[in-house]
Amino acid sequence: MTMTQPGARPANPRFSSGPCAKPPTHDLAALADAPLGRSHRAAVGKAKLKKAIDDTREILGVPDDYRIGIVPASDTGAYEMAMWSLLGERPAEMVAWESFGAGWVTDVAKQLKIDHTVHTAEYGEIVDMAALNYDNDVCFTWNGTTSGVRMPNGNAIPADRAGLTLCDATSAAFAMDLPWDKLDVTTFSWQKVLGGEAAHGMLILSPRAVERLENYTPPWPMPKIFRLTKGGKLIEGIFVGETINTPSMLAVEDYLFSLEWARSVGGLQGLVARANTNASAISAFVETHNWIANLATDPATQSTTSVCLKFTDDRIADGAAFAKAVAKRLADEDVALDIGAYRDAPPGLRIWCGGTVETSDIEAMLPWLDWAFQAEIEAQ
């Protein structure tokens, strides 16, 4: 017999892993100060862009001697800009345990065609980061948005490395502690943990990365939109708000709102705590229901933002169809939107738990997940 539908519903059913839920206090009226119809190179535009950089530095605790730039094309643009500009001086260690990391491998192997070694792990597992050669450049993701697996810490990265570390941190920044002394390049986008608008990426460079930029010229043609140096010197304007191309000042205003909200909930540590609490609520549910499990095999590497789950019940005949049906049933009831697993990942669900999500909404959604599972089991 199909169980009765739960009574309570989430106030906000948005659990997408990107674009992610807006901050709970978000209001379009708060963006009224955006300098629309003005040049981003006017004083007001440059001031807004510089404030976005300065507030990012403050909340994330980025060292003063690291550069922070706003660049085009979201996290993908930021990471590809870094690869095209920095790689090739020495071999690369390419690390992939989910689809986006695999995409960076493709770029290096088929586009840049530089000497490299590939290290992979199955979905739910992670590469042994201590086994890498850090005399080479190392490219990796901190948190696998499509696999729900994250780096537990940066302890495996040596302080005296000769190569650079290039970290895609798009679903980790503002939700996890990032060890800046272990990261030479860090990228993320506004639409993940802070629930900002898409299309803009953030590029954070250590002094070692800047030194590489100013002393190494890649052998391939460099698109204008990727150029970080001119005449052998870093284009410093990029890192004070003079963007390479025209940004959306409405999106900038939205990001500034999100940064202010982040400050109001305790800054980075407040955001980390909110994500941890959200992920813990799902873990508690998984522990008490034997038909579902975390895709990440080691609790130490389970993501606290993009929590990926798999169905384990033997009665399920077609895992992919079953997972899609559960996700559709929840969406149709308007209790959980966009929680299907990523298209390249194993069948299952992916529930965003970043700081903009309220724990009360996750707690209200989980009984509906139980209901949807039971309904689909009976419908087979």
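This is a predicted model: local features need pLDDT of at least 70, side-chain atom pairs count only at pLDDT 80 or more; totals for chains, interfaces and linings use all residues.
A strand, as I use the word here, is a DSSP run of type E with at least two residues, and strands are numbered from the N terminus.

**Entry 1**

I looked up Phe 174 first. I find Phe 174 in the loop between strand S7 (165–168) and strand S8 (185–189). Its phi is positive, about 75°, although Phe 174 is not a glycine. Is Phe 174 buried or exposed? Its relative accessible area is 2%, and buried means under 20%, so Phe 174 is buried.

Ala 199 also has a positive phi without being a glycine, here about 95°. Ala 199 sits in the loop between S8 and strand S9 (200–205). With a relative accessible area of 44%, Ala 199 is partly exposed.

I then noted a cis peptide bond between Gly 18 and Pro 19, with omega about -10°. Pro 19 belongs to the segment before helix H1 (43–60).

**Entry 2. The whole chain**

I noted eight helices and 14 strands in the chain. The radius of gyration is 21 Å, and the globule rule gives 21 Å for 380 residues, so the chain is as compact as a globular protein of that length. The C-alpha trace spans about 75 × 50 × 30 Å along its principal axes. Of the 380 residues, 57% count as buried.

One buried residue I checked is Gly 77, at 6% relative accessibility. Gly 77 is in helix H2 (residues 74–86). I also looked up its distance to Ala 169: the two C-alpha atoms are 13 Å apart, while the residues are 92 apart along the chain.

**Entry 3. Salt bridges**

How many salt bridges are there? The count comes to 20. I looked up three of them.

Arg 90 pairs with Glu 89 in a salt bridge whose closest N and O atoms are 3.4 Å apart. Arg 90 is partly exposed at 25% relative accessibility. Glu 89 is partly exposed as well, at 40%.

Arg 263 and Glu 260 form a salt bridge with a closest N–O distance of 2.6 Å. About one helical turn separates Arg 263 and Glu 260, because they are three residues apart in helix H5 (residues 249–264). Arg 263 counts as partly exposed at 27% relative accessibility, and Glu 260 counts as partly exposed at 42%. I also found Arg 263 and Glu 260 in a network of salt bridges that includes Lys 51, Asp 55 and Glu 58.

Glu 376 counts as buried at 11% relative accessibility, whereas Arg 329 is partly exposed at 25%.

**Entry 4. A charged patch**

Which residues gather in a patch of positive charge on the surface? They are Arg 41, Lys 46, Lys 224 and Arg 227. I followed up Lys 224, which I find in the loop between helix H4 (207–215) and strand S10 (229–230). The relative accessibility of Lys 224 is 64%, and exposed means over 50%, so Lys 224 counts as exposed.

Note on methods. Residues are numbered from 1 along each chain as its sequence is written. Side-chain values use heavy atoms; hydrogens and water are left out. Patches are made of residues with over 30% relative accessible area and no salt bridge: like charges are joined within 9 Å, nonpolar side chains (Val, Leu, Ile, Met, Phe, Trp, Tyr) within 5 Å. Accessible areas come from the Shrake-Rupley method with a 1.4 Å probe; for residues, only the protein chains shown count as cover. A salt bridge is a side-chain nitrogen of Lys or Arg within 4 Å of a carboxyl oxygen of Asp or Glu. Lys and Arg count as positive and Asp and Glu as negative; His and the chain ends are not counted. The place of a charge is taken as NZ of Lys, CZ of Arg, CG of Asp or CD of Glu. Helices (H or I, at least four residues) and strands (E, at least two) are DSSP runs, numbered from the N terminus. Buried means under 20% relative accessible area, exposed over 50%, partly exposed in between (1.4 Å probe, protein chains only). The radius of gyration is taken over C-alpha atoms; the globule rule is 2.2 Å times the number of residues to the power 0.38.
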